[in-house]
Amino acid sequence: SFTKGCYVGQEIIARIESRGHTNRALTGFRVTQGTVSPGDRLFAGDERAIGHITSVAPAPGEHGLIALGYARHVHRGRGARLQAGGGATLEVVSLPRLPAGGEAGTGGV
């Protein structure tokens with residue numbers, strides 16, 4: 001809110017408003033080669049990290065792993081290939097979503 005008094009986090013909200021977006025956004029990944037762990041940094045081919053992994057889980061209904069993490073907006077295009085610090089290769093996918101009933105296993109990546 002920009003109308004109420006001072007509160008924790010107000011500076012961050014004002015910065016997002018002035019810049020028009022955040023630097024990174026929550027992104028879904030499919031691990032196509034290797035393995036990743038929470039905290040692993042993400043790279044898009046150069047030496048500068050463009051994000052990090054926050055969580056990893058077995059992919060429901062298939063072999064392999066899926067992960068969530070934060071990545072810079074320019075590297076979040078569906079199908080983009082990224083590398084993790086441990087040498088793993090990841091593909092950007094849609095975030096998994098549960099249907100309104102909340103039954104696991106029916107959402108997709």
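Which side chains meet in a salt bridge at 3.9 Å, N to O? In this predicted model, the side chains of Arg30 and Glu91 form such a pair, with an N to O distance of 3.9 Å. Glu91 belongs to strand β6, which spans residues 89–93, and Arg30 belongs to strand β1, which spans residues 24–33, so the contact ties together parts of the chain that are 61 residues apart in sequence. The two partners fall into separate accessibility classes: Glu91 counts as buried at 18% relative accessibility, whereas Arg30 counts as partly exposed at 23%. The assignment of Glu91 follows from the cut-off, because buried denotes a relative accessible area under 20%.

A search of the whole structure returned two salt bridges. Glu91 also pairs with Arg81, and here the closest N and O atoms are 3.9 Å apart. Arg81 lies in strand β5 (residues 81–84) and Glu91 in strand β6, so this pair ties together parts that are ten residues apart in sequence. Arg81 counts as partly exposed, with a relative accessibility of 48%.

When residues up to four places away in sequence are not counted, Thr89 touches Arg30, Val31, Thr32, Gln33, Arg81 and Leu82.

A separate feature was identified on the surface. Ile12, Ile13 and Ile16 form a nonpolar patch there, and together these residues present about 220 Å² of accessible area. Ile12 is situated in helix α1, which covers residues 10–19. With a relative accessible area of 44%, Ile12 is partly exposed.

Notes:
Residues numbered from 1 in each chain as written. Predicted model: local features only at pLDDT ≥ 70, side-chain atom pairs only at ≥ 80, totals over all residues. Heavy atoms only, no water. Patch = residues over 30% accessible without salt bridge, like charges linked within 9 Å, V, L, I, M, F, W, Y side chains within 5 Å. Areas by Shrake-Rupley, 256 points an atom, 1.4 Å probe, with all protein chains shown as cover. Salt bridge = Lys/Arg side-chain N within 4 Å of Asp/Glu carboxyl O. Helix = DSSP H or I, 4+ residues; strand = E, 2+ residues; numbered from the N terminus. Buried < 20%, exposed > 50% of the residue type's maximum accessible area, 1.4 Å probe, protein only. Contact = heavy atoms within 4.5 Å.
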